[in-house]
Amino acid sequence: MRRLLLLLFVILVAYLGWPYIGSSLDQSDYEATKENVKKKIDSIKEKPEYEEAMETFNDRLNNLVGYVGDKLKELPENDQQSDSGQAEKPELSNPTEHSFSIYNIEIGDTKQAIESEIGQAQRSTLNEYGVKWSTYHKNYKNFIMVAYDAEDKVVGLFSNQDLITSDHSIQLETPKEAVRKELGEPLTKLRKGFVVYQLQEDSGYDVFEVDGSYVTVFYDKHENNTVTAIQIIDKAVEQNKDRYYTDASPELRKGFEFQLFDLTNAARVVHGLPVLSWSGNVQKTARNHSDDMAENDYFAHENQDGQSPFDRMHEDGITFMMAGENLAYGQNSSIFAHEGLMNSLGHRKNILKDGYKYLGVGVAFNDESQPYYTENFFAK
């Protein structure tokens, strides 16, 4: 039986590769070879074991196809991780029109000018402002997120890498005290129309109003409260967002998921770690847990059936040698969720764990559009 299966496999390969084999045989005895192969096939068909062998062969072939299909599902949309080329840090210059620039880009610049310099975006996904974050990077090096308005002008910028310049001598790793000395005391409240939002103190970030934009400076509590990222949002865009939580939608859910994935990989690159591959399989596990928490109003790694993250992964058919889970709740964007996780030591260790290979992110919203974020990491 094994010999028969092997012969069937050889014949299948010959059949599938016939155009290539045929062209290779054109200069030799092509017709004789072709006739011999046909005779072999006819003689095998006459054997009683043929039908059983074909059934076994088809089962094994289907299993192989299923396995390959599962592996393909683990690749993210617009996957860029096969690009392992080196990316040199760009030469940065001081901003000319505003106090801050990121990757030499300022609020008001045009998409055409940006992409003529750094190429097209790797991914564009909806954010909480109703516009899209376009992410630019080379295998997560020189990582920047840019938001454009309807006229393709920059209205938002973010980076957690060493791409920040300012005329205030503020850049990555600048101490918090130096930032406040340059920019003054941060905002304690944000007024939108007739509503005033109180900003949290000692939250790991400061918000300043600078040059008609809101500049959020994030600090790394585990690196002596130094600058770890900056977000710049045009004031008109911020004011146009009239609620703290944006109305939930499938597109926003997908946006938060991929943004959190990209932010995680950008942070890993900063710390000299390999990027993670997207796992569509474990994303389902993560989404299901976020859905469960949002629907049943709880926030915990163990669900109401007593299952741990590892139980849920096993139940979903995911095999792993090591695994971990991060949860976040209530942050109004993927950026704030990620920076909060990085300032929590246990969550930070998961994000920066060297042994992990895969990540899936699942987001869900409760009835008040408050997001629940679940990150599932694992290695096989």
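pLDDT is the predictor's confidence in each residue, from 0 to 100. The structure described here is a predicted model. Its protein chain has a mean pLDDT of 85, and 77% of the residues reach 70 or more.

**Pocket and cavities**

The largest pocket holds about 620 Å³ of space. It is lined by 30 residues, and those closest to its centre are Leu199, Tyr205, Tyr244, Asn332 and Phe336. Where does the largest pocket lie? Domain 2 (100-240) and domain 3 (250-379) both contribute residues to the lining, so the largest pocket lies between them. Several elements of secondary structure each supply at least two lining residues: the strands β7 (189-192), β8 (195-198), β9 (205-210), β10 (213-220) and β11 (226-234), together with the helix α11 (334-342).

The structure also contains three cavities of 30 Å³ or more. The lining of the largest cavity is made up of His98, Ser99, Phe100, Ile107, Val210, Asp211, Ser213, Val215 and Ile232.

| Space | Volume | Lining residues by class |
|---|---|---|
| Largest pocket | about 620 Å³ | eleven nonpolar, eleven polar, eight charged |
| Largest cavity | about 70 Å³ | five nonpolar, three polar, one charged |

**Aromatic residues**

A pair of aromatic rings is described by the distance of the centres and the angle of the planes. The count for this model comes to 17 aromatic pairs. One of them joins Phe299 and Tyr329: the ring centres are 5.8 Å apart and the planes stand at 40°, which makes the pair tilted. Phe299 lies in the loop between α9 (280-296) and α10 (309-315), while Tyr329 belongs to strand β13 (residues 322-329), so the pair ties together parts that are 30 residues apart in sequence.

Phe310 is ten residues from Phe320 along the chain, and their C-alpha atoms are separated by 9.1 Å.

Methods. Residues are numbered from 1 along each chain as its sequence is written. This is a predicted model: local features need pLDDT of at least 70, side-chain atom pairs count only at pLDDT 80 or more; totals for chains, interfaces and linings use all residues. Side-chain values use heavy atoms; hydrogens and water are left out. On a 1 Å grid over the protein atoms alone, a cavity is a set of points where a 1.4 Å probe fits but cannot get out, and a pocket is an open set with protein on both sides within 12 Å along at least five of seven lines; lining residues have an atom within 4 Å of a point. Grid points are joined across faces, edges and corners, and a volume is the space filled by probe spheres set on the points. Helices (H or I, at least four residues) and strands (E, at least two) are DSSP runs, numbered from the N terminus. Ala, Val, Leu, Ile, Met, Phe, Trp, Tyr, Cys and Pro count as nonpolar, Asp, Glu, Lys and Arg as charged, and the others, Gly among them, as polar. Domain bounds come from an automatic or database domain assignment. Rings of Phe, Tyr and Trp (its six-membered ring) pair if their centres lie within 6.5 Å; planes under 30 degrees apart count as stacked, over 60 as edge-to-face and the rest as tilted.
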